[in-house]
Amino acid sequence: MTCTSADEQESGGPITLSIDIGGTKMKAGKVDSGGTLIGAPVIASTPRPAPPEAVLRAVGEMVAGIAGFDRISIAFPGIVRGTKVITAPNLGTAQWNNFDMVAAVSSAYGKPVRILNDAAVQGLGVVRGPGLDTVITLGTGVGCAVYRNRRWLLHLELGFDAEIGNEALRSIGAEAWNERLREKIRYVARLTACDRLYIGGGNARKVAGELPETLELVSNDAGLTGGVRLWEAELDDLLGSVPVLER
């Protein structure tokens, strides 16, 4: 017999607690089975320094008032393979290497947990298909993921953090940053030969100037709403072995 929560019974499907961990801010919120946020998300600062125990403690404080969920999805700012973190460049610590985030969170909350790179999760919340879609996320760092017919293919490490990440925006100003960004957009469009390019993340609201017709600015909430798609059966094989292309 399968047990369901009151929220699950009321909504007609499982409720996902979706957690989006960024280099500067973290967010959490409940998402229904259709991918819609239930209420406003909770936002907190990412701790500094940010070893696993500090981040887990901060996440616990952030979600302490959230109840009535059946599973947990985590969007993580780094390379993830299966249940483990491989790199976490914007959290600034080598202690994340091979850290089993799924085991730690599942043990803490007694719920099934899935984890994926934050750009990949954001894209799952917005890509429409058909064809090839690419997502770029702009925040503390720069993330990128590629999809075919709405199915996630891979996470790209582009190495753009120093050029169009948050520190670059602060140091060179919005106008020069947008010039750099347009150059990088052209590069990514050529690299992936995508049909559509989406830009999300906390700094997407700073994007200005003339943009390609095939480009769409999307809500940063997709980092949460995309979490529900980690539980789709067609993603089971990909979550078991995460493909990454590093540049």
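**Sheet, helix packing and salt bridges in the predicted model**

Strand β1 (residues 16-21) pairs with strand β4 (residues 71-76) in the parallel sense, over five bridges. Strands here are DSSP runs of E of at least two residues, helices are runs of H or I of at least four residues, and both are numbered from the N terminus; two strands pair if DSSP finds at least two bridges between them. The structure is a predicted model, in which local features need pLDDT of at least 70 and side-chain atom pairs count only at pLDDT 80 or more, while totals for chains, interfaces and linings use all residues. Residues are numbered from 1 along each chain as its sequence is written, and side-chain values use heavy atoms, with hydrogens and water left out.

Within the β1-β4 pair, threonine 16 stands opposite arginine 71 of β4. Both strands belong to an open sheet of five strands with mixed pairing and the order β3-β2-β1-β4-β8. The edge strands, β3 (37-45) and β8 (113-117), each pair on one side only. On average, neighbouring strands of this sheet are turned by 15° against each other, direction ignored. Strands β2 and β3 run antiparallel and are joined by six bridges; lysine 27 has isoleucine 43 in β3 as its bridge partner. The two strands form a hairpin with five residues between them, and glycine 35 in the turn has a positive phi of about 85°.

Helix α2 lies across β1, β2 (25-31) and β3, and runs at about 45° to β2. Helix α3 lies across β1, β4 and β8, at about 145° to β8. Angles run from 0 to 180 degrees between N-to-C directions, and axes are lines fitted to C-alpha atoms, for helices over the stretch in contact; contact means heavy atoms within 4.5 Å.

Helices α2 (residues 52-62) and α3 (residues 101-109) pack at an angle of about 40°, with their axes 12 Å apart. That makes α2 oblique to α3, a class left after angles under 35 degrees (roughly parallel), over 145 (roughly antiparallel) and 65 to 115 (roughly perpendicular). The contact is made by Leu56, Val59 and Gly60 of α2 and by Met101, Ala104, Val105 and Tyr109 of α3.

Seven salt bridges are counted, each a side-chain nitrogen of Lys or Arg within 4 Å of a carboxyl oxygen of Asp or Glu. One of them joins the side chains of glutamate 216 and arginine 128 (2.8 Å, N to O). Glutamate 216 lies in strand β13 (residues 215-217) and arginine 128 in the loop between α4 (118-124) and β9 (132-138), so the pair ties together parts that are 88 residues apart in sequence.
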